[in-house]
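Reader: I would like to learn how to read the architecture of a model such as this one. Could you take me through its features one by one, with the general idea before the particular case?

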Amino acid sequence: MINLTDNQLDRYSRHILLQEVGVEGQEMLLGGKILIIGAGGLGAPAAVYLAAAGVGTIGIVDNDHVEISNLQRQITHFTKDINAAKVDSAAEKMRAINPDVKVNTYQQYINAGNIRELIREYDFVIDGVDNFPTKFLINDACVMEGIPFSHGGILRFDGQTMTVVPGKSACYRCSFRQPPPPNAVPTCSQAGVLGAVAGMLGTIQATEALKYLTKTGELLTDSLLTFDAKKMNFRKINLKRQDNCPLCGGKPSVTELIDAPQAACGLKTAQ
Amino acid sequence: MQITVNGEIEQLNDTGVTISRLLEIKQVESPDMVSVQHNGVFIDREHYPTTILAANDELDFLYFMGGGAK
């Protein structure tokens, strides 16, 4: 158990005031370990809030470097960071926000060969990746390792997210089965996203991670939260585990991880 | 007959409407980017043309949404 210093009692006072968090919950956060996969539109806002919240260990994975088109929404990256590794740029801001946090950076792509070992070190995973094969890879690896995670997606003015607790709640494959055909995915130049929509979604994912670590409230499991920011309509679609899910159903056909190469979902330039 | 699509009540004038037809009626641009839940069960894509809707059915269209890094 961690004993909070006076400085920490001040820093986290607004958490500690919450009946559902308190000193005990803050200690759980300081002892918690979250892995953020993707330091982009979703991962950046999640990283900022998780660091500010005092999550003790935060891992961040991304192989890319900062480009000027990222800056419209990837709020850990500043103009001065163009060409820097995204994980280094994000880690610098997280450490500046909160020196309590240990940030582990992984400048690499995740793949079928390295993901299980990586996520095993963490309590909860945030999916902030842009392409479907990797989203399925994260789902499959988390289900196989029994590690809960938050799925997130954004496009234009829309967002969607769900939390998966393996073995207990519906997984991403229960609903989505397999990646869409590559030619169905909107192309880079067609897609786009309103910057703040990425922040809306990434902070929902961060909230789920904080709820999980502090055992507070009800997770966004067995439902897909979708929103359309143009009309500011939010909707929760009820889901349940599917007996015929190829991963977590009764007769699984997905029994090992596979790398399925596919062009990144069209958000490459737009997101 | 009356069905519920994405939480909203819809009237279907024809009978024998399949999921494929409903996707057309609802003017879904990229059916490949939609996963369809029919009364709590996800329908395999190859069964869209043969799954006929009945009164009071509940359907949800879940869109594939990427986004995030990059």
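Reader: Which strands does helix α9 of chain A lie across, and at what angle does the helix run to β5(A)?

Author: In this predicted model, helix α9, residues 195–214 of chain A, lies across β1 (33–37), β4 (124–127), β5 and β6 of chain A, and its direction is at about 170° to that of β5(A).

Reader: What is the strand order of the open sheet in chain A?

Author: Strands of a sheet pair through backbone hydrogen bonds, and the pairing is either parallel or antiparallel. Here the open sheet has 8 strands in the order β3-β2-β1-β4-β5-β6-β7-β8 (chain A), and its pairing is mixed. The edges are held by β3 (102–106) and β8 (233–238) of chain A, each of which has a single partner strand, so one side of each lacks a neighbour in the sheet. On average, and with direction ignored, neighbouring strands of this sheet are turned by 15° against each other.

Reader: How many bridges join the strand pairs β2(A) to β3(A) and β5 to β6 of chain A?

Author: The parallel pair β2(A) and β3(A) is joined by 5 bridges, with V61(A) standing opposite Y106(A) in β3(A). Between these two strands the chain passes through α5(A), and this β-α-β crossover is right-handed. The antiparallel pair, β5 (residues 149–155) and β6 (residues 158–164) of chain A, is joined by 7 bridges, and within it G152(A) has T161(A) of β6(A) as its bridge partner.

Reader: How many residues does each chain bring to the contact between chains A and B?

Author: The size of an interface is often given as the accessible area lost when the parts come together. Counted by residues instead, this contact takes 37 from chain A and 16 from chain B, and the side of chain B that touches chain A comprises 6 nonpolar, 7 polar and 3 charged residues.

Terms used:
Residues are numbered from 1 along each chain as its sequence is written. Chains are lettered from A and ligands numbered from 1 in the order in which they are written. This is a predicted model: local features need pLDDT of at least 70, side-chain atom pairs count only at pLDDT 80 or more; totals for chains, interfaces and linings use all residues. Two residues are in contact if their C-beta atoms, placed from the backbone, lie within 7 Å. Ala, Val, Leu, Ile, Met, Phe, Trp, Tyr, Cys and Pro count as nonpolar, Asp, Glu, Lys and Arg as charged, and the others, Gly among them, as polar. Two strands pair if DSSP finds at least two bridges between them. Helices (H or I, at least four residues) and strands (E, at least two) are DSSP runs, numbered from the N terminus. Axes are lines fitted to C-alpha atoms, for helices over the stretch in contact, and angles run from 0 to 180 degrees between N-to-C directions. A crossover is right-handed if, with the strands pointing away from the viewer, the path from the first strand over the helix to the second runs clockwise.
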